[in-house]
Amino acid sequence: MEESVPFNVLKHKMVPVHELLSEEEVDEVLKRLKVTRDQLPKIKEGDAAIKTLEKAMSSSIPEKSIIRIIRDSQTAEEAVVYRLVIRG
Amino acid sequence: MMRGVSKRIGSIKFACLSPEEIRHMSATKIITADTYNDDGFPIDAGLMDTHLGVIEPGLMCKTCGHKVDECPGHFGHIDLAMPVIHVGYVKEIKKLLQATCRSCGRLVLTEEDVKEYRHRMDVMEELGSDAVEMREFSKETAKAASEKAQKEVCPYCGEKQYKITLDKPTTFREFREEGHKLTPKEVRERLERIPDSDLIPLGIDPRACRPEWMVLTALPVPPVTVRPSITLESGDRSEDDLTHKLVDVLRINQRLRENRDAGAPQLIVEDLWELLQYHVTTYFDNQTSGIPPARHRSGRPLKTLVQRLKGKEGRFRSNLSGKRVNFSARTVVSPDPWLSINQVGVPVYAARELTVPVVVTKDNIETLKAMVMRGPAPEGEEYRPGVNYVIRHDSRRIRVTDRNAETVAEGIEINYVVERHLMDGDVVLFNRQPSLHRMSMMAHMVKVMPGKTFRLNLCVCPPYNADFDGDEMNLHVLQSEEARAEAHILMKVQEHILSPRFGGPIIGAIHDHITGTFLLTHGDTRFDKAQTLFILSKMGNNELPEPTVIGGMEYWTGKSLFSTILPKDFDVTFKSSICQKCPKCEKEGCKYDAYVKVREGRLLMGTIDEKAIGSFKGKILDKIARDYGADMAREFLDDVTRLAIGAIMVRGFSTGIDDEDIPDEAKRQIEDKIDSTFREVDQLVASYRDGTLDQMPGRSLEETLEVEAMRKLGEARDEAGRIAGKHLGLENAAVQMAKSGARGSMLNLSQMAGCIGQQAVRGERLSRGYWNRTLPHFKKGDLGAQAKGFVKNSYKSGLTPTEFFFHSMGGREGLVDTAVRTSRSGYMQRRLINALEDLKLKQDGTVRNTADNIIQFEYGEDGIDPTRSVQGEAIDIDDVLREVLGEHKADLLTRPDESKIGGYATLEKDLMETISDEEEEYEDADFEGGGED
């Protein structure tokens, strides 16, 4: 599985952790934030991180999925953000 | 008075005007190009027809029956003889023509494709795409269709498609055989054929805008109130540019109609048609590229519709974003240390013009009557507010004059509004441009004073970035109770002592105040009773502290005097500005008196200088503002100001050129040092010439020489400064200012007393000017120190002509840099603000825009308000430990020397900015001879 990705950008130290949320997690997140999908920040399907994630999972990430990104933060140690996958 | 929002704007929809709508909203049809008849009255069906509203007093509008100022004006219309393309829509028209079939008007895409595109639009809408993204997508759709049309026949009627191009600005061509020209009429016919259902995937709502409406058959004529004519002193009428343009349109329209109806040759009709197109185009936009702008008789280009809206002087930026306001004042500012930081001194002249509306109630009616009785210009030594206007129940304004004051006062009833003069304690907003951060506009309390300038406390200079070399500031008087309440709670100066820029105090003591507290507290200062009373009398009712008695004499130490203004339970420990940064800190045993220790509100040791009370750095100030709140901090600052002024007045303080005097022996030493460095540089040059110079890694031989020479010369300057510095002790006034952080730096002093040093352009020694040399005073190819811009002299000893020239070169670079940097950072700031202006921190901690989309899931990722932070960190853990565990245990735990890693907005970084700013100001003064502002 690892070999199928020639260069895994997700492993680069500058690239934060990307995770695909499951249906239940999506419901939980949207409920907790009290938002609808359209109010979330976006990430394009063509984003290198999404494409690599798709290859690593060997399944496609459909539009409307939500990605959790956990990145290092200068202010808080760790910042969690959610992004909605859109076409493009 | 109406309060609150009764109607909220849900959305705004833009649509095109259909010819029917234009005619429907038209008050009259305009036919003749003439405006006024011989008697000077507007002609019917002319451009000044009174159906379109009135601009002259005495006339009545024929549409609504109102007079000037009551009639809002009404649109008319012109029926165009032939259709004409609207320049504003050429891009849309081009897109539509290229994407649709030339015979049946359908979108050149298969049913399935269209379905797919519409589905995609639905998904995008669901996922919250904004208008820009949607437009971008419909552009893609149109592009796909036009590409398909290039290759294939129409999938619906099988018609072959041709390439359509646009000849800027308004001519369309179809490449059937060598570019057939499409007339606006043909264009309009094609657009008419496009079915409603095919418009939606192209991003057009057919209910709001049918594409054929983009080709005009009727032209709306704006009301005369939009294009008023002006009567000159000579009695001649001068018409507005828009009217001139409409006259042109009408004239050509008339000729075109006559020629067409008379069956004139096709060529003539086409020429006139094109002329009409030109006039209508320039009527909309007189800067359309590809056609000459229409000009006035004098040769000045006409200002038509687009020109009225566009750019810095346009309606949006100048009149809507940049509205001018009433109840404001502007004048020069000057300092007044006896004012509180919360106050602003307003001259009587201004106070008598600026007014506050007061509603009459049964409780204040008598006071207000007395006020009105005084009239608009009460006399007397003491300032008492009068009244300029009284507003009655029917909202009629009555001007109060000396003559009618008494009668107006008699007639005052409950619920009248009285516009009284400004008086002490009123809340006003005070502002200095450029308004770069929120502290550029703060609320102050008025204090009416004689004179003609606004007065402010010196501690508020840093947030406004104000000085008193001619700076002017603006003042706005708040007119509603809500505004005053908001200003009071949110905008008062004392609420802004801590800055959100770096979580430290931005308001604090400057210049003489720092010198003052330095003189008061440094070392073992003693004041006798008279001096002590003089100092303490400056600050309200302070009790005389317990005197120290030595040898039967009562005296007070400077430290005990300073302690009187500290809160009673105040503890703090830090190193002051004069700290020598010894390798091993002696702490309590510091021989420079630089270790500040305050226990239970008593200054036990240390010197109070910039690190204690200064703006940006003040530790004591920071801690008081944080732990005791804004009121306490304001009191402290007001007291510090007065205490410092008192102290500096008792001691006396002055600096002059002789402060930079150094003994002849020191001068000789500096000379020797510089000369020996010159010789070393000469040796370097020699070794470079004969090739014995060791090349540095990664550098060419020339670069090696330059770097080495720069380093050596830099050392020489530092050494000169050090020698000079040895003779400039802390008893020297200039050194006191530099070391305590009041003004200037030791570098400035060493440049005055010792040696100015190497001048540089782009970080390199000076090299340009003549062929292979900087000036003709030197030999070609001379690489020595003095030939390449080293200034051996000091500002005090004076520069030689060549040195002066080099110094100017270095100075010029600084000036250019500042000019470039300010303009560029200004533009950057403008773009940043435009992008961020309507983001808002919501109750749940998220940052959202106006569409309620999330921008940040947690404000700043950590949810910390930087104003309340400690230099950007959420909490100061050392301070907390000390408070909880007590001093001794906490000392064991804390490691103050441990430097923080990273840190995005450290105080140091911000300080670097301010210091370099100050340095520049200093440099500028050399060249502009003081300069303005």
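Two strands count as paired if DSSP finds at least two bridges between them. Strands themselves are DSSP runs of E, at least two residues long, and helices are runs of H or I, at least four residues long, both numbered from the N terminus. Residues are numbered from 1 along each chain as its sequence is written, with chains lettered from A and ligands numbered from 1 in the order in which they are written. This is a predicted model, in which local features need pLDDT of at least 70, side-chain atom pairs count only at pLDDT 80 or more, and totals for chains, interfaces and linings use all residues.

Start with a sheet in chain B. Its four strands form an open sheet in the order β10-β13-β11-β12, with antiparallel pairing. At the edges stand β10 (355–359) and β12 (397–399) of chain B, each pairing on one side only. From one strand to the next, the twist averages 25 degrees. Strands of a sheet pair through backbone hydrogen bonds, either parallel or antiparallel.

Now look at one pair. β10(B) and β13 (residues 417–421) of chain B run antiparallel and are joined by five bridges. Within this pair, B:V359 stands opposite B:V417 in β13(B).

A helix covers part of the sheet. Helix α12 (residues 365–374) of chain B lies across β10, β11 (387–391) and β13 of chain B. The helix runs at about 60 degrees to β13(B). Such angles run from 0 to 180 degrees between N-to-C directions, and axes are lines fitted to C-alpha atoms, for helices over the stretch in contact. Contact means that the C-beta atoms of two residues, placed from the backbone, lie within 7 Å.

Next, the contact between the chains. Chain A gives 17 residues and chain B gives 14 residues. The side of chain A that touches chain B has nine nonpolar, four polar and four charged residues. Here Ala, Val, Leu, Ile, Met, Phe, Trp, Tyr, Cys and Pro count as nonpolar, Asp, Glu, Lys and Arg as charged, and the others, Gly among them, as polar.

Finally, the loops of chain B. B:P434 lies in the loop between β14 (427–431) and β15 (441–449). A cis peptide bond joins B:Q433 to B:P434, with omega about -5 degrees. B:D69 sits in the loop between α1 (19–25) and β1 (76–85) of chain B. B:D69 is not a glycine, yet its phi is positive, about 75 degrees. B:D69 counts as exposed because it has 10 C-beta neighbours inside 10 Å.

Methods: Buried ≥ 20, exposed ≤ 12 C-beta atoms within 10 Å, placed from the backbone.
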